[in-house]
Amino acid sequence: WGETQVELGGPKMDAKFELALVKPLDQVEDGKVTIIGPDIGGVPEKTTLPLGIIIEAAGQKLDKDIEGVIERRIHMHSNFVEGLMHLNQRYDIHLRLRSKSFKKGLNSFHILAKILQRLYKTELPIVEKIQFTFITDHDKVKETMSKAMEIYETRDARARGLKDEDVKEFYGCALCQSFAPSHDCVITPQRFANCGAMSWF
């Protein structure tokens with residue numbers, strides 16, 4: 001792996017989350033990046049920062065049910081970036097940026113956002129606009145994390161109200177094949193993906 005430039009979230013940090021929200025088209029500015037707190041290029045090497053990631057997406061064919069799918073793609077798309085490791089999801093994320101990649105130019109959340117924007121729009125053409133907020137200020141991450149937890153619970157409660165017998169389709173998910181190459185999940189209303197992030201919705 002090599003030397004680590006910066007860690008974001010992780011087991012030693014109590015302030016971390018990622019959240020995707022579907023918004024009306026007129027409330028999203030395509031490509032906009034907001035950074036609250038220090039950027040990854042503005043801290044000393046080997047710093048560990050809290051991290052909140054908020055992705056707001058809009059499109060005429062998007063609805064709220066796809067928020068969890070967009071959210072889980074943060075993991076997949078981040079791991080396409082050389083020298084960036086992303087683990088877990090929701091309120092348990094852990095990112096590590098390698099010094100070599102930092103020195104080659106991955107020294108700002110603005111760069112990461114451009115990469116993610118391209119990957120999202122390539123994979124999900126129904127995403128017409130997408131904007132990003134990265135929070136590394138500890139108090140702000142904690143404050144926003146409590147709101148994210150409420151949104152997670154609302155999503156989960158909705159999923160718990162639906163039974164397998166109520167639907168005609170089940171789905172497959174292979175997102176974790178980046179580290180478990182032979183694994184697939186079968187997802188039903190009563191059975192989430194093993195990672196906990198992908199629901200039947």
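The second largest pocket has a volume of about 180 Å³. A pocket here is an open set of points on a 1 Å grid over the protein atoms alone, where a 1.4 Å probe fits, with protein on both sides within 12 Å along at least five of seven lines. Grid points are joined across faces, edges and corners, and the volume is the space filled by probe spheres set on the points. Keep in mind that this is a predicted model, where local features need pLDDT of at least 70, side-chain atom pairs count only at pLDDT 80 or more, and totals for chains, interfaces and linings use all residues. Residues are numbered from 1 along each chain as its sequence is written, and side-chain values use heavy atoms, with hydrogens and water left out.

So who lines this pocket? Among the residues are Val69, Arg73, Tyr171, Trp200 and Phe201, lining residues being those with an atom within 4 Å of a point. β9 (171-173) gives the largest share, three residues, and α1 also supplies at least two. Helices (H or I, at least four residues) and strands (E, at least two) are DSSP runs, numbered from the N terminus. By class, you get nine nonpolar, two polar and one charged; Ala, Val, Leu, Ile, Met, Phe, Trp, Tyr, Cys and Pro count as nonpolar, Asp, Glu, Lys and Arg as charged, and the others, Gly among them, as polar.

Now for the largest pocket, at about 260 Å³. It has 17 lining residues, with Lys64, Asp65, Arg155, Arg158 and Phe201 nearest its centre. α4 brings the largest share, six residues, and its lining splits into seven nonpolar, three polar and seven charged.
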